[in-house]
Amino acid sequence: LGGLKKNEEDKIYWKKLNYNSNKFIIDSVKKKTHIIFLSSDKVYNGKIENPNEKSNISPHGIYAKFKRQSELLFIKNIKKIHILRLPPVRGFGANGRSYIDFVIKKIRSKKKVTLASNVSRCFVDVNQLVSFLIQLINNKNYGIYNVGSNCVSYFDRVKQLCVAKNLHYEKYLFSKKMAIKPYKQELNTQKLKSVFKRKFY
């Protein structure tokens, strides 16, 4: 969440990082090069229910706009392209940099933390993502794919992870409503399940 705020505060720097760097890659490689580009679920605006890869694009925020512009660059210039539209990627608090990893570290340290119960996203486990990226290296089913779990609130996601890992959270994890838009960002992942027989959790 903090990273997105920084995008809005320093648009020139983040344009260099999220768009210009991709343009440099395209200018530096051959058109026959196979590229896997990690895009974002934020290219959707949260207003379309369960959007699939053909749904209308209306990027939410400057970060999403740069991601969408990069998608179009790759589609125009690279034939062998996998574009993965990712929701928040998380580990289980060890070395992860996501907000969920930060929260789990706090719970492990027996510190209280509050999470949004009214803000829902799909999520991706970093180990599952790495496994999928390895599968894609020699894969020729190029195109755009939504990637992610079922949609759930940040609060419920952390609670699920704690239960799965036997991490006692009851005294440390609290919920409240927060003003973080879009409040809900679903992803239709049927295409990914059909082509790759994969399900993310």
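**From a loop residue outward**

Guide: Ser98 is buried, because its relative accessible area is 16% and the cut-off for that word is under 20%. Please keep in mind throughout that what you are looking at is a predicted model. Ser98 lies in the loop that leads from strand E3 (89-90) to helix H4 (99-108), and, leaving aside residues up to four places away in sequence, Ser98 touches Val89 and Arg90.

From there we can turn to strand E2, residues 81-86, where 6 of the 6 residues are buried, so the strand is largely enclosed by the rest of the structure. In a regular strand the side chains alternate between the two faces of the sheet. In E2 both faces are covered, with Ile81, Ile83 and Arg85 buried on one side and His82, Leu84 and Leu86 buried on the other. Strand E1, residues 35-40, runs parallel to E2 and is joined to it by 6 bridges, and within this pairing Ile36 stands opposite His82.

A further set of strands is arranged as an open sheet of 3 strands in the order E8-E5-E10, with mixed pairing. Strand E8 (152-153) and strand E10 (184-185) stand at its edges, and since each has a single partner strand, one side of each is left without a neighbour in the sheet. Strand E5, residues 120-121, runs antiparallel to E8 and is joined to it by 2 bridges, with Ser120 standing opposite Ser153.

Most residues other than glycine have a negative phi, and most peptide bonds are trans. The bond from Lys181 to Pro182, however, is cis, with omega near -5°, and Pro182 is found in the loop between strand E9 (173-176) and E10. Pro182 is also among the residues that line the largest cavity, together with Asp41, Lys42, Tyr44, His60, Arg121 and Gln185. That cavity has a volume of about 30 Å³, and by class its lining has 2 nonpolar, 2 polar and 3 charged residues.

Two residues carry a positive phi without being glycine. Asn166 has a phi near 55°, sits in the loop between helix H6 (154-164) and E9, and is exposed, because its relative accessible area is 66%. Lys197, with a positive phi of about 55°, is found in the segment after helix H7 (190-196), and at 68% relative accessibility Lys197 counts as exposed.

Finally, the cysteines. The structure holds 0 disulfides. Cys122 is in no disulfide, and the nearest cysteine sulfur, that of Cys151, is 4.7 Å away, whereas a disulfide needs the two sulfur atoms within 2.5 Å. Cys162 is likewise in no disulfide, with the nearest cysteine sulfur, again that of Cys151, 19 Å away. Both residues are buried, Cys122 with a relative accessible area of 1% and Cys162 with one of 0%.

Key. Residues numbered from 1 in each chain as written. Predicted model: local features only at pLDDT ≥ 70, side-chain atom pairs only at ≥ 80, totals over all residues. Heavy atoms only, no water. 1 Å grid on protein atoms, 1.4 Å probe; cavity = no way out; pocket = protein on both sides within 12 Å on 5 of 7 lines; lining within 4 Å. Points joined across faces, edges and corners; volume = space filled by probe spheres on them. Nonpolar A, V, L, I, M, F, W, Y, C, P; charged D, E, K, R; others polar. Buried < 20%, exposed > 50% of the residue type's maximum accessible area, 1.4 Å probe, protein only. Helix = DSSP H or I, 4+ residues; strand = E, 2+ residues; numbered from the N terminus. Contact = heavy atoms within 4.5 Å. Pairing = 2+ DSSP bridges.
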